[in-house]
Amino acid sequence: MIKLRQAVVVEGKYDKNTLSQLVDAPIFATNGFGVMRDRALLEFLRRVAEKRGLIILTDSDGAGFVIRNYLKGALPKDKVLHAYIPDISGKERRKAQPGKEGKLGVEGMRPDVLLAALQNAGAELTDTAVPADRITKTDLFCAGLSGGANSAHRRRALQKELQLPEHLGGNAFLDAVNLMMTREEFLERYGGNDD
């Protein structure tokens, strides 16, 4: 597994799952064309790009390029890198039929192809992509933000306070909080685990 300084944005959850097995970096999904209607997600991606840098990795089909071009116009150009996968015919294992254009997407690419795409884009490999003192799931639990009564309400309040998109999954929420504040800041504000 390689560590990246930048965060990565992909189209969907299957792309995210495939990439998360190869790289140690925050990975966020656009939910396909959903990013075009989700102002909070787009604003969040802008802040991630400013803070850490962002690599756009979409499928090589027409839909992937529509999403890429939308993000290209909406995000700070000097903070965004573009990783491109090659046109390879085929279908992903989970699908009964190939996509409309008959091309493999990010989820169907071999690991070496994905890593080469990231490196060709200029991804910065680092030994310190993930700070050692990260906010953990245990910290979220101890702060009442998961696994308890009213935790969903508290988590939504924190999402609103940090201006995070509403529909982040659990791991994406944790990655986002870690991008927005240090563990020390989190513990000062919300208490939690004091390991």
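**Notebook: a predicted single chain**

I began with the charges: the mean positions of the 29 positive and 26 negative charges of the chain are 5 Å apart. I counted Lys and Arg as positive and Asp and Glu as negative, leaving out His and the chain ends. I placed each charge at NZ of Lys, CZ of Arg, CG of Asp or CD of Glu.

I noted that this is a predicted model, in which local features need pLDDT of at least 70 and side-chain atom pairs count only at pLDDT 80 or more, while totals for chains, interfaces and linings use all residues. Residues are numbered from 1 along each chain as its sequence is written, and side-chain values use heavy atoms, with hydrogens and water left out.

**Entry: overall fold**

I listed eight helices and six strands; helices (H or I, at least four residues) and strands (E, at least two) are DSSP runs, numbered from the N terminus. Along the sequence I read the order β-β-α-β-β-α-β-α-β-α-α-α-α-α. The radius of gyration is 17 Å, close to the 16 Å of the globule rule for 195 residues, so the chain is as compact as a globular protein of that length. That radius is taken over C-alpha atoms, and the rule is 2.2 Å times the number of residues to the power 0.38. The C-alpha atoms fill a box of roughly 50 × 35 × 30 Å along the principal axes.

I looked up burial next: 45% of the 195 residues count as buried. Buried means under 20% relative accessible area, exposed over 50%, and partly exposed in between (1.4 Å probe, protein chains only). Of the contacts (heavy atoms within 4.5 Å) with a separation of 6 or more, 62% join residues 24 or more positions apart.

**Entry: the cores**

I took a nonpolar core as a set of buried Ala, Val, Leu, Ile, Met, Phe, Trp, Tyr and Cys residues joined through side-chain atoms within 4.5 Å. The largest has 35 residues, and Phe 28, Phe 44 and Leu 71 are among those with the most contacts inside it. Elements giving two or more residues to this core include β2 (7-10), α2 (39-52) and α3 (62-74). Helix α7 gives the most, with seven residues. A second, separate core of 21 residues includes Leu 4, Val 8, Val 113 and Leu 114.

I then checked Leu 71 beyond its neighbours within four places in sequence: it is in contact with Val 9, Thr 30, Val 35, Leu 42, Leu 45 and Ile 56.

**Entry: helix α7**

How many of the 11 residues of α7 are buried? I found nine, so α7 is largely enclosed by the rest of the structure. Among the buried ones are Phe 173, Asp 175 and Asn 178. Their cover includes α1 (13-20), β4 (27-29), α2, α5 (137-142), α6 and α8.

Gln 159 lies in helix α6 (residues 151-161). Gln 159 is buried, at 6% relative accessible area. Setting aside neighbours within four places, I found Gln 159 in contact with Leu 164, Pro 165, Glu 166, Leu 168 and Phe 173.

Gly 53 sits in the loop between α2 and β5, and is buried at 6% relative accessibility. Its C-alpha atom is 4.7 Å from that of Gln 6, although the two are 47 residues apart along the chain.

Gly 108 is in the loop between β6 (80-84) and α4 (111-121). Is Gly 108 buried or partly exposed? I read a relative accessible area of 27%, and Gly 108 is partly exposed. Gly 108 and Thr 18 are 90 residues apart in sequence and 8.1 Å apart in space, C-alpha to C-alpha.
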